[in-house]
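Me: I would like to learn how to read a predicted protein model step by step. Could you take me through its features, giving the general idea before each case?

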Amino acid sequence: MAVRIVTDSTADIPQDQARAAGITIVPLTVFFGDEAYLDGIELDSASFYKKLAASKTLPRTSQPSPAAFQQAYTRLVEEGADAILSVHLSAKLSGTFQSARTARDTLPDTVKEIPIDIIDSQSISVGMSRAILLAAQEARAGLGLAEIKARVLDQLARTRILAVLDTLEFVRRGGRIGGARAMLGNMLSVKPIVSLRDGEVIPVEQPRTRSKAYARIAQLVQAMARVEHVSIAESNDEVGHQLAQEIQTVYTGELPIYRLGAVLGTHTGPGTAAVAVVAEQGSKGR
Amino acid sequence: MQNQKSYAQVRTQRLRRISVFDGQDLKKAILAGAAWLEEHRDAIDALNVFPVPDGDTGSNMSATMQAAIREIVASEETVAGTIAAKLAHGALLGARGNSGVILSQILRGLAQGLDKKQTFSATDLALALQEAQRLAYRAVLKPVEGTILTVVRETAEAAQASAQRGDDLVAMMQELVMAARQSVARTPDLLPTLKQAGVVDSGGQGFCTILEGVWRYVRGESGASPTAAMQERVLESSLPETGVRRGRVTVEEEFGYEVVFLLRGEDLDVEKIRQTIIDMGGVSTVVAGDEQMLKVHTHTEQPGKILDYGVSLGSLLDINIENLQEQSLAYAAESEAEHAAEQDRPPAKQIATVAVVAGPGFEKVFQSVGLTAIVPGGQTMNPSTEELLAAVNAVDADKVILLPNNSNVILSARQVVDLTSKEVYIVPTETMPQGIAALLGFNFEADFESNCKAMTEAATSVQTAEITTAIRTVQIGDVRVREGDYIGLVNGNLVIAGRDMKHIIGETLQRMNIERYEIVTLYFGEGITQRQAEETAKGIKQKYSQLEIEVVDGGQPHYTYILAAE
């Protein structure tokens, strides 16, 4: 009867919210030198950015092991799950999705066989968190796996994420630069706006200042067709609130603000603010 | 009153009369005008309002004239309308600077007025000049009196009056020169900036100088004497040419239609067909082939007539008729092969950007922010329409956004739009920092239209200050400038002059309300070291601590510093 929802820590869904919604979060790992921290469990967002500012070397990240997923799936089966929907960050940005598949395909025979569907969200953070939160609601309401999955895919297809970064340096060093490579040669300091398409980082614009970047993002949001939902992810209160203020000039609905976790912080750097916009059904979104 | 006195003098001094000009007469007259302009180029360059090195009107107009005569220098063509059309074509492509573009429009008006005419009379010329002034005014978005526009208009008015008095082109030319000179002399009364600078309008003077050269030729003073054919007609006094079509002046569309077809028949007479089509009103007519098969290419306002004629001779193949409203005469005439080649090419990259850039450092910056192609030039080296066109055609994209980065290049850039089959949009940037801001506003995700809009908006978000050295002594507004002073300009307007560079920079920044901005990019020019620039930046930072200042090697000529605030 019950479908259970699994995601990873890059969804940036807070622990208590996940617990309340019945979502299982499998954490990625962040390394500062040899010290390993489970994202969101052993290292929260605020501590991460403090560490990042103090650290001489840049942190690294790693995907959850298949064993971590097996553990999560096994526990859910034991708790009586009839099916599992496991939604993860873009497979082009991380091996997490692959790890989850490996875990499913190699579950020991001792675990009762149930359907486990694994989705590559082709997105990240607030770009996928709303789809996951809705899925959890739908699961509680008793919807079946196929139905929930279809709704998740539909929600993801209508979601577009835009982020303003302080610098592309962290994206570049993490090897996730993608199409935003086109912006790398810039001799002038800019606050690049990037997005994701087909799961990869793409360039959008290169405003010179933060205030212009926020204003541009608000304009881009306004230019999108009718909007069903908007949420923000921030690396600190200041950038998040500045972006929120601009967004609120063009959008008056509810505007939840989440914290970017340690893994996303590692790959985007300090001073990152992102907005995810879900277009209304029937209007075009990306 | 004075006007009439000069007319009287002219008439008594007149040695001979000329009632009609043919193509060769027109050619020689224009060559003389171009030569006279070239001779006086430097003097016209010196008629500069601002004490900054900038687009020199004399050089720009002369370069445009030289391009105009390129195609007629060796031409034996006797049809006046054809010579005029070639002049217009050359000028269109060779136009440099705003004055060059306006001059090219004057020649285009002349060509339209003389369209299809074997010869022309004083009345024809008066009508053609009307057309010339109309197109000249249309070339600029906001016509300003006290410029070349006024001089052309008043000259055209004088031509009308002259044509009513008589049909002598010699007398008319003198009257035109007199009218133009007086008009030029009045420009400071119409345009206060001229009066303050103590100069007449340079573009108006350039136009007047061309007329003077023409007049010198007509009365036999310049090197070339009137041709034999012209002398033969000297004493002829005939009625004005028949077929003067006054309606021509109000005809809206320039070139009508381009008609191209293959004609298959027997015993086709190429010469006769060409002449017939020309007689039927075909312009730029090319008829090539042999007795069995030939290709006809012409421009006409009545394509039906030409096609009917073709059908009467044989069977028509590959008929192609295009409305030339959106396509230039110049381009269409030679685009046949190119068109075919273009269609074979793989689909081009969506959008390219082309910018006019001066200085090796600026070139690097522009490339680093994603510019596709550079046309070298700028302040003192205004690129011609042809150079801009070549760059637009060369980039691997069907849609091109063009950044002139100089107020004196915007008009020539606008000409490009009609000269290429590509879709071209001009973001009217007046400075290089505006161009960079526009490029940074380029949205990788958006389509052409959205980007044109976004980039135009982004360009206006930056304020440009320039620090340079005055090249002469002048008073502009309440700013007294001595030659050799450092001067500060904000968005092209002179705000301060003096001997102490630090002070000048400080004052200039204050005038642009620098405290309202977040980031200043300091581009240092040719002859300034990184160290000097860093020092300057430090000075600014001391005063405006909240500003972020970025020092960039611009390498631009003439301008010690270019500052962009945003």
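Me: Which residues touch the most other members of the largest nonpolar core?

Reply: In soluble globular proteins, nonpolar side chains tend to be buried together. A nonpolar core is a set of buried Ala, Val, Leu, Ile, Met, Phe, Trp, Tyr and Cys residues joined through C-beta atoms within 7 Å, and a residue is buried if 20 or more other C-beta atoms lie within 10 Å of its own, exposed if 12 or fewer, and partly exposed in between, with C-beta atoms placed from the backbone. Here the largest nonpolar core has 243 residues, of which Ile132(A), Leu87(B) and Leu402(B) touch the most other members. Helix H9 of chain B, residues 169–190, gives the most to this core, with 11 residues; helices (H or I, at least four residues) and strands (E, at least two) are DSSP runs, numbered from the N terminus. Apart from this core lies another, of eight residues, including Phe261(B) and Val296(B).

This is a predicted model, in which local features need pLDDT of at least 70 and side-chain atom pairs count only at pLDDT 80 or more, while totals for chains, interfaces and linings use all residues. Residues are numbered from 1 along each chain as its sequence is written, and chains are lettered from A and ligands numbered from 1 in the order in which they are written.

Me: With which residues is Leu402(B) in contact, leaving aside its neighbours within four places in sequence?

Reply: Two residues are in contact if their C-beta atoms, placed from the backbone, lie within 7 Å. By that rule Leu402(B) is in contact with Val354(B), Leu388(B), Val392(B), Ala413(B), Val416(B), Val424(B) and Ile426(B), once its neighbours within four places in sequence are left aside.

Me: At what angle do helices H5 and H6 of chain B pack?

Reply: Two packed helices are described by the angle between their axes and the distance between the axes. The axes are lines fitted to C-alpha atoms, for helices over the stretch in contact, and angles run from 0 to 180 degrees between N-to-C directions. H5(B), residues 80–94, and H6(B), residues 97–113, pack at an angle of about 160 degrees, with their axes 8 Å apart. They are therefore roughly antiparallel to each other, a label for angles over 145 degrees, whereas under 35 counts as roughly parallel, 65 to 115 as roughly perpendicular and the rest as oblique. The residues that make the contact include Leu87(B) of H5(B) and Leu107(B) of H6(B), and they divide into 10 nonpolar, one polar and one charged. In this sorting, Ala, Val, Leu, Ile, Met, Phe, Trp, Tyr, Cys and Pro count as nonpolar, Asp, Glu, Lys and Arg as charged, and the others, Gly among them, as polar.

Me: Is Asn443(B) buried or exposed?

Reply: Asn443(B) has its place in the loop between helix H19 (432–440) and helix H20 (448–459) of chain B, and because it has 21 C-beta neighbours inside 10 Å, it counts as buried. Not counting residues up to four places away in sequence, Asn443(B) touches Val204(A), Glu205(A), Ser450(B), Asn451(B) and Ala454(B). As for H19(B), nine of its nine residues are buried, so this helix is largely enclosed by the rest of the structure.

Me: How many residues of chain B are in contact with chain A?

Reply: There are 17 residues of chain B in contact with 18 residues of chain A. H16(B) gives the most to the side of chain B that touches chain A, with three residues, and by class that side has six nonpolar, six polar and five charged residues.
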